[in-house]
Structure formats: structure tokens, C-alpha cells
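Here are some notes for a colleague who is opening this entry without having seen it before. They go point by point and can be checked against the structure as displayed.

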Amino acid sequence: MAEQMFDTARTAPMIDPFGRSISYLRVSVTDRCDFRCTYCMAEDMAFLPKKDLLSLEELDRLCAVFVEKGVRKLRLTGGEPLVRKNIMHLVRQISRHLKSGALEELTLTTNGSQLSRFAAELADCGVRRINVSLDTLDPEKFHAITRWGDLQRVLEGIDAAQAAGLKVKLNAVALKGFNDRELPEMLRWAHGRDMDLTVIETMPMGEIDEDRTDQYLPLSLLRADLERQFTLRDIPYKTGGPARYVEVAETGGRLGFITPMTHNFCESCNRVRLTCTGTLYMCLGQDDAADLRAPLRASEGNELLSNAIDEAIGRKPKGHDFIIDRRTKQPTVARHMSVTGG
Ligand code: SAM
Ligand code: SF4
């Protein structure tokens, strides 16, 4: 009976109350990380207790249910996904859905520190594109922003990824007074190496050691600044994520803008986010969540789980309301980005 019920779920795509079809799952496989980026984490972080983590088998089962229910794109993130023990076992398991054609894309977002080790195997598992987060090309500034990171290692990781045939996109959080002046140089560097670059507005998620108002740079300002040096042409290019792209005439490359603060992109949201403890967040910028660990563990069949997912999608909110200003000292959501993943 359970199997039968589940087969019915396969034919019913996940549609939220606002008519948006959910086809993209982001999975934070760990909230831990080997960096402590100042806009993302406090230096002294309390992580989720290890006993609460889902096993890799449980994560795989959850992903399989989402794929059955219509997810076509799956991104592993974190924390740093490549520091989760035996992560490649999970990647290989999930890659069976690529082979079967049920999944269109398996990808990940990484800080690049472990890429030299894993790039070839990722490519072998059918991963074609990855996002690498890189906020500066200056070794000292890199160390300052990541607190624990080593730029050289990340650059070697990017080399390894490209050598393995992975298409690399760089993500940089635009930070006032930190990398705003450097972004034109980063753009030239990225495009010179055949990598797209996406810039992101910093979001008020979780307590950090610094004042976010000091870091926040609206991308409308950055774009106006870049337009003094470059010719930017809006293009309809889409990767399934929230970025809006322009083509840069001088370099021939693409530049993406992710603007959760200045331009709410929620109307086309196709995503939900799963944490490493089995909590499903229907929106990055809201606290409402659904526990999938209990239904996952309650039965070997997937009916309970499938119902819990449907119930959660049925309350996906319309959007987020991030605020960063001098009066609003509290982050909009208490959890850090590393819990739900970027
Ligand atoms: N550790 C991996 C990495 O850094 O790519 C994956 C997880 S990280 C949370 C995903 C992305 O979120 C990174 O590109 C990071 O720069 C971005 N990020 C983290 N905290 C953020 C914040 N408060 N606002 C905007 N982006 C943030
Ligand atoms: Fe780690 Fe990524 Fe957060 Fe930096 S942004 S601390 S690399 S999870």
C-alpha cells in the first residue's frame, strides 16, 4: 500500500500555494566548516550536535524522495560540503538519479579548500558545474575575511576543478570597503579563465561578530560603479537559481547579481532547503520549517515522508523580508547561512 501511495506522489509535482513548482533542492550536508567567513559565522560557533545529524544513507533516502517528487536539480552545500566525512559516498549515491535521467543536475557550492582532493571524483560522478565562493584575490584579505582560509589552496582547487572538466562559477559576497574596489579586477580575472562571476548582497542571517550595516553594499550601487568601466547588457540567461545575468562586452563573460535585499526575487522561487538534521526550510529568509527526520525514521516506506513534504510545500511562504539598517540590530533570521546553505 505504501509503495502504491508513493507512486501517486511521483505523478503529482510539488506546487506551492502561489503556483510555483518546486524543482530545486539544496541540501546542507553539514553546518560545519573549515573557514569562518566574517559575514557568515561568528569565530566561536556552536554547531549542531553530531548526534542530531542524519546519516549519509538517510540524506540519500531523503534526496531520492524529493527526486521522485519532481526535483530536477540538486545542490549540495553547507557549511562546507566537502568536509563532511565520506561525502563522496553520498555524491556517488545521488549520481544514480543522473544516470537514470530523473535528475538533470547535481552540483555543489564549496569554499574550494578541498577541491584539489575531490575535483576528479566529482566529475566522475557526473557533476558538471560547481560554484566556488571567493571574495578576494588578495591573500591577506582572503585570510582576513575567511579567518582560517588559505587563498593558494583555493586557487589550486579551482585549477584542479577546471582540469577535471568542471565548469566553475565564482560567487563573491559584495562587501562595502572590503572588495568593492577589487571586483572589476576579479571580474577580468574570472572571465579571463572562462568562469562566470556572481556577486551577492550580504543577508542578515545569524549573529556575527561584526555590524552588518558596515558590510552591506546594495548591488545597484555596485552595478552603477561597474558601468563606468564596463558595458553591461542584460541577458535572459538562467541557471535555475536567483541570479540575474548581464554580459560584459569588454570581457565576453557573464556577471550575475543576486539581490535578496534590493530586489526581492521570490516570485520565481523554485527551491526548498534541507538541513543536515532533516529540517526542511521552505524559505531561506523565514523561520518556518518542517521536521522530516521524524517521518523518515518512523517507517521504512516513504509514504509518511512524502505526506510531510507535501504538507510543508503547502505552507511555503510568498517571500522573505530581509532588513539591514542601523535601527534593526537583530538578524532577520536567527540561524546562520551555514545551517540552511547558500
Ligand atoms: N561553504 C560553502 C561556500 O562558502 O561556498 C557553501 C556554503 S556558504 C553558506 C554558501 C554561500 O553563501 C557562499 O557563497 C557564501 O559566501 C554565502 N554567504 C554566507 N553567509 C552569507 C550572508 N550572510 N549573506 C550572503 N551570502 C552569504
Ligand atoms: Fe564556511 Fe562557506 Fe560560511 Fe565561509 S561562507 S564560513 S566557507 S560556510
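1. The shell around ligand 1 is made up of 10 polar, five nonpolar and three charged residues. Keep in mind that the model is a predicted one.

2. Which residues come nearest to ligand 1? They are Tyr39, Gly79, Thr110, Ser133 and Met203, out of the 18 residues around the ligand. Two strands, β3 (105-110) and β5 (167-174), each contribute at least two residues to the shell around ligand 1.

3. In glycine 79, a backbone N or O atom is 2.9 Å from a nitrogen atom of ligand 1. For glutamate 80, an N or O atom of the side chain lies 3.2 Å from a nitrogen atom of ligand 1. Serine 133 has a polar side-chain atom 2.5 Å from an oxygen atom of the ligand. Ligand 1 on its own has 550 Å² of accessible area, and the protein covers 95% of that.

4. Gly79 also belongs to the surroundings of ligand 2, together with Cys33, Phe35, Arg36, Cys37, Cys40, Met41 and Asn111. By class, the shell around ligand 2 holds five nonpolar residues, two polar ones and one charged one.

5. The last point concerns a helix. In α12 (residues 303-313), the buried residues are Leu305, Ser306, Ala308, Ile309, Ala312 and Ile313. Why do these residues count as being on the same side of α12? Because the arc they cover around the axis is only 160°.

Terms used
Residues numbered from 1 in each chain as written. Chains lettered and ligands numbered in written order. Predicted model: local features only at pLDDT ≥ 70, side-chain atom pairs only at ≥ 80, totals over all residues. Heavy atoms only, no water. Near = heavy atom within 4 Å. Polar contact = N/O pair within 3.5 Å; in protein donor to acceptor, adjacent residues only side chain to side chain. Areas by Shrake-Rupley, 256 points an atom, 1.4 Å probe, with all protein chains shown as cover. Helix = DSSP H or I, 4+ residues; strand = E, 2+ residues; numbered from the N terminus. Nonpolar A, V, L, I, M, F, W, Y, C, P; charged D, E, K, R; others polar. Buried < 20%, exposed > 50% of the residue type's maximum accessible area, 1.4 Å probe, protein only. Arc of directions from axis to C-beta.
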